[in-house]
Amino acid sequence: MEHFIRRMRPEDYDGVNILMTILHEVHATNRPDLFKPALAPYDLEEFRGLLEDSSRIAYVAEVSGKIAGLCMASIHYPAENPITYQIPYAYITDLCVLPSCQKQGIGKMLFTHMEDFVKSLGIRQISLKVWAFNSSALSFYEDMGFSPRSYIMEKDL
């Protein structure tokens, strides 16, 4: 099977929406208190806006001509202030691989491609959020070299 990573394009809308729906379903199933059921997380206008936003980076993985995965990130340049340094960083907003294509190295290829591109911009830090229920994602990111920086905790009242 031939597979490669490339920049996301407007004609990828349907394939990207399939992946984003799968990803959203994981969240909605595990945290129905936070996430609403959704048939299509992006409408076409939102999708086009994402691709035109210069602070966003979006890649897809193609396997035999079909979109099998995606990785999206945003670039942030926080202002320095009296108590923190200005440290530009990339924030991974989404990484998803079709269930039928998982465990084939596609997620790793997508992430490595994103990491290399971010490095080429002179950015030396990538961050992301992993939901506590998503043990497979947590394991993947740990394998990719991530470690916890902080914890967001919650308590229902």
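This is a predicted model: local features need pLDDT of at least 70, side-chain atom pairs count only at pLDDT 80 or more; totals for chains, interfaces and linings use all residues.
**Notebook: salt bridges, strands and core**

I started with charged pairs, and the count comes to 5 salt bridges.

**Entry 1: Arg6 and its partners**

Which residues does Arg6 link up with in the salt-bridge network? I found Arg6, Asp12 and Glu62 joined there. I looked up the Arg6 and Asp12 side chains, and their salt bridge comes out at 2.7 Å, N to O. For Arg6 and Glu62, I get 2.6 Å between the closest N and O atoms. Arg6 sits in strand E1 (residues 3-7) and Glu62 in strand E2, so this pair ties together parts that are 56 residues apart in sequence.

Next I asked myself: is Arg6 buried or exposed? Arg6 has a relative accessible area of 11%, and buried means under 20%, so I put Arg6 down as buried. Glu62 is buried as well, with a relative accessible area of 10%. Asp12 goes into my notes as buried too.

**Entry 2: Arg9 and Glu11**

I then checked another salt bridge, the one Arg9 forms with Glu11. Their closest N and O atoms are 2.9 Å apart. How exposed is Arg9? I read 35% relative accessibility for Arg9, which counts as partly exposed. Glu11 has a relative accessible area of 56%; the cut-off for exposed is over 50%, so Glu11 is exposed.

**Entry 3: strand E3 and its neighbours**

Glu62 took me on to the strands. In E3, the bridge partner of Glu62 is Ile67. I followed E2 (residues 56-63) alongside E3, and the two pair in the antiparallel sense over 8 bridges. Their hairpin has 2 residues between the strands, and I noted that Ser64 takes a positive phi there, near 50 degrees.

**Entry 4: the largest nonpolar core**

I went inside next. The largest nonpolar core holds 40 residues, and Met8, Leu70, Ile92 and Leu110 touch the most other members. Where do the core residues come from? I listed the elements that each supply at least two: H1, helix H2 (44-52), E2, E3, E4, helix H3 (106-120) and helix H4 (135-143). E3 gives the largest share of this core, 7 residues. As background, nonpolar side chains tend to be buried together in soluble globular proteins.

Leaving aside neighbours within four places in sequence, I see Ile92 in contact with Cys71, Met72, Ala73, Phe111, Met114, Ile126, Ser127, Leu128 and Tyr141.

**Entry 5: Asn17**

Last stop: Asn17, which I located in helix H1 (residues 13-30). Is Asn17 buried or exposed? I read a relative accessible area of 8% for Asn17; the limit for buried is under 20%, so Asn17 is buried. Which residues does Asn17 contact, leaving aside neighbours within four places in sequence? I wrote down Ala40, Pro41 and Tyr42.

Notes. Residues are numbered from 1 along each chain as its sequence is written. Side-chain values use heavy atoms; hydrogens and water are left out. Helices (H or I, at least four residues) and strands (E, at least two) are DSSP runs, numbered from the N terminus. Buried means under 20% relative accessible area, exposed over 50%, partly exposed in between (1.4 Å probe, protein chains only). Contact means heavy atoms within 4.5 Å. Two strands pair if DSSP finds at least two bridges between them. A salt bridge is a side-chain nitrogen of Lys or Arg within 4 Å of a carboxyl oxygen of Asp or Glu. A nonpolar core is a set of buried Ala, Val, Leu, Ile, Met, Phe, Trp, Tyr and Cys residues joined through side-chain atoms within 4.5 Å.
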